[in-house]
Amino acid sequence: MSLSRRRFLKQVALVAAGAAAPGVRSPASAAGGRAVVVGGGFGGATAAKYIRMWAPDIQVTLVERSREFISCPLSNRVLAGQIELVDLTRGYGALSSKYSIDVVYDEVVGIDPDKREVTLAGGDVLPYDRLIVSPGVDLLFDEIPGLRDPATRERVLHAWRAGPQTMALRRQLEAMPDGGVYALTIPKAPYRCPPGPYERACQVAWYFKTQKPKSKVLILDANDKVQSKEALFTKVWKEWYAGIIEYRPNSALVDVDAKTLTAKLEFEEVKVDVLNVVPPQRAAKIAADTGLITANNKWVGVDFLSYESVAKKNIHVLGDAILAAPAMPKSGHIANQHGKVAAAAVIALLRGQSPNPNPIINNTCYSFVSDKQVIHVASVHRYDPEKKTMVVAQGASGVSATPSELEGTYAESWGKNIWADMLA
Amino acid sequence: MMHRTSAIAACALLAGLGLAYPAAGQDQAARSLAANCTGCHGPSGNSAGAIPTIAGLDKAYIVTALQEFKAGTRQATVMHQHAKGYTDQEIEVLAEYFSQQKRP
């Protein structure tokens, strides 16, 4: 049996299973066309689900290498012992059972934009009419010579993808004696999750304050200032974590010595007890291999009406991998919003229609600054037809007035709701 | 009513052709706009936890709440910032959409 036929039969079986579920409309065939989605994170999973929800006549295959989704947002709380990884973990089962999406647990090894085919490591070839690529970022260890050897990365962790690294960093912090120094290095923007490093500093500082009060958090930031919620983070550090958190701007990491846990900056070296490096980033390798990267040798340029690549027709790119519009962060929430605009655009294009000329998206990023207190940054972005990009709507952006426990409850609720919006 | 009748006729026609296009009342523009809200408020506006469920609320109530958030006259942590990003007409569309969503 040919691979494509096997996939087709699997799809038919899924459709039959889905037809039994109440309120689900299932296609008899791929009459509306075939969409393949690469990457089951905030962008890709959302796009896959919304295409099927809005257009049950379109066949959707989602390719994801992990069996489970683990949320990066909220994962800094694991470092402070507030929650466990399992609290951030969800499965892809409902995408198959409820939405009849063909979820393939495999890795993409090649995309042929001319033949419109995706090749998987397992050997399968997936033809598509429209491809959505939501690949996330690669961490550029090569830019830090002391981290080129993978063995060094067992000792100097990034924990910038939630999972085993998160747990390993938690163990390093637990093993660190009181009076030790934890250093966190931040690359030049843009990087995934602008407030994430500063939230992490707060979570580790809260852990130290309550468990190891003689210990320090040293933030070595390549940027000239705090990249998100600056006034709020600065206030919290001064009022709650004075003597624990030290913030150093313009302190780009040049190299590390993993053996001695030394961070090498341009003019000084800092030896610490736990060294946590958030490396520089770029769109994931599959984007480069497919010829999608158009900006600064790092990011994928897209048309914000459809998220179609400006370099390759019929390929739409979402999330952290794109060259973002001004003031549009690389966040899970934004990727979820990209996914919905792209889903609607793919449906329209497969039907020979034009995408919505007036897309609107928004962002809400919550950061835990203690065990319960939270701050947010939020914005609404609308398409500007003259500038051909998304711009922040007049007056529609801002941050919390002050940290609050109320926003802590909203942040927890946000997680449950956005994971359900993607996956349930 | 005429609109609904013709939509039903259209659906019947599509069903006869073996197609399954969305039913009337699920206009894609409204659905796309409403999809702005579901990241925080949950699928179809049904929230788990502290963020309010907006599915099935009275349309006039949603319009009033969003307009007051927009004007800054209603207590908010974040909604006063979001509400300013949408036109009065978009607020009407969102209110209509979420008022029609079912609670589980």
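The crossing of helix 2 and helix 9 of chain A is right-handed, meaning that the near helix is turned clockwise from the far one by less than a right angle. Helices here are DSSP runs of H or I with at least four residues, strands are E runs of at least two, and both are numbered from the N terminus.

Before I go on, the background. This is a predicted model, in which local features need pLDDT of at least 70, side-chain atom pairs count only at pLDDT 80 or more, and totals for chains, interfaces and linings use all residues. Residues are numbered from 1 along each chain as its sequence is written, with chains lettered from A and ligands numbered from 1 in the order in which they are written.

Back to the two helices. Helix 2 covers residues 42–54 of chain A and helix 9 covers residues 332–350 of chain A; their axes come within 7 Å and cross at roughly 35°. Axes are lines fitted to C-alpha atoms, for helices over the stretch in contact, with angles from 0 to 180 degrees between N-to-C directions. Residues making the contact include A:Tyr50 and A:Trp54 of helix 2 and A:His338 and A:Lys340 of helix 9. Contact requires C-beta atoms, placed from the backbone, within 7 Å of each other.

Next, a sheet. Three strands of chain A form an open sheet in the order 24-25-26, with antiparallel pairing. Strands pair if DSSP finds at least two bridges between them. Strand 24 (360–368) and strand 26 (389–399) of chain A are the edges, each pairing on one side only. Strand 25 (residues 374–384) of chain A is joined to strand 26 by seven bridges, and A:Ala378 has A:Gly398 as its bridge partner in strand 26. Across strand 24 and strand 25 lies helix 10 (residues 405–423) of chain A, at about 120° to strand 24.

Which elements of chain A touch chain B? Helix 2, helix 9, strands 24, 25 and 26, and helix 10 of chain A each supply at least two residues. The largest share, 12 residues, comes from helix 10 of chain A. Altogether, the contact takes 41 residues from chain A and 28 from chain B.

Last, strand 12 (residues 216–221) of chain A, where six of six residues are buried; buried means that 20 or more other C-beta atoms lie within 10 Å of a residue's own, with C-beta atoms placed from the backbone. A:Lys216, A:Leu218 and A:Leu220 point one way, and A:Val217, A:Ile219 and A:Asp221 the other. Strand 12 of chain A pairs in the parallel sense with strand 11 (residues 181–186) over six bridges and with strand 13 (residues 245–248) over four.

Note on methods:
Contact = placed C-beta atoms within 7 Å. Buried ≥ 20, exposed ≤ 12 C-beta atoms within 10 Å, placed from the backbone.
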